[in-house]
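Dear colleague,

I am passing on the structure we spoke about, and below it you will find my notes on what came out of the analysis. Please keep in mind while reading that this is a predicted model.

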Amino acid sequence: MIRRVFCMAVIASLAIAAGMRGQSSAESDKPVWTMEFLKVKPGKFGMTLGYLDDGWMRERAEAKRQGALLNYSRISEQGTRESERNIVLLTEYKNQAAYEGRDSLFAKIRKDLPNTPAIMRNAQPEELYVVGTTRVFDDHSDSGDPRMKLLAEK
């Protein structure tokens with residue numbers, strides 16, 4: 001009897017593990033988004049945009065060309081004085097693996113990109129802005145999620 005219970009427990013745990021593996025595989029193929037909030041220092045908005053053009057935008061463009069990114073944007077709030085504007089950096093990674101490999105990807109891109117004339121080559125980020133928070137989001141826009149199916153109807 002104990003042997004049967006043990007065998008059933010092993011089979012059940014294998015079935016659960018197989019189900020989780022299949023689920024995580026589907027989840028890991030979905031895009032992952034990051035939002036970085038930059039608090040721009042007074043009078044540094046234009047210089048911050050130039051600094052981001054030299055680094056962040058070039059790196060994202062190359063990563064998109066390589067297929068690791070689907071999209072990226074640099075946005076700021078409208079209707080505020082330039083001295084009070086902040087910037088939000090949005091990056092849409094192809095999948096969880098691309099997100100997890102971002103540090104090595106961007107390091108390689110920085111190393112490989114040619115040194116072209118830059119707008120803000122000598123500026124340091126801490127002179128221009130403070131990184132507030134970085135948030136990571138999963139994409140749940142696919143409405144055909146098999147975990148949400150109608151089981152019964154009255």
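Helix α2, which covers residues 45-66, and helix α4, residues 102-112, have axes that come within 10 Å of one another and cross at roughly 110°. Since angles of 65 to 115 degrees count as roughly perpendicular, α2 is therefore roughly perpendicular to α4. On the α2 side the contact involves Glu59, Arg60, Glu62, Ala63 and Gln66, which meet Leu105, Phe106, Ile109 and Arg110 of α4.

Leaving aside residues up to four places away in sequence, Leu52 touches Leu38, Met57, Arg74, Ile87, Leu89 and Tyr129.

As for the chain as a whole, its secondary structure comes to 5 helices and 4 strands, which follow one another from the N terminus in the order α-β-α-β-β-α-α-α-β. Of its 154 residues, 26% count as buried, and the chain exposes about 11,100 Å², of which carbon and sulfur atoms supply 56%. Among contacts with a separation of 6 or more, 76% are between residues 24 or more positions apart.

Terms used: Residues numbered from 1 in each chain as written. Predicted model: local features only at pLDDT ≥ 70, side-chain atom pairs only at ≥ 80, totals over all residues. Heavy atoms only, no water. Axes fitted to C-alpha atoms, helices over the stretch in contact; angles between N-to-C directions. Helix = DSSP H or I, 4+ residues; strand = E, 2+ residues; numbered from the N terminus. Parallel < 35°, antiparallel > 145°, perpendicular 65-115°, else oblique. Contact = heavy atoms within 4.5 Å. Buried < 20%, exposed > 50% of the residue type's maximum accessible area, 1.4 Å probe, protein only. Areas by Shrake-Rupley, 256 points an atom, 1.4 Å probe, with all protein chains shown as cover.
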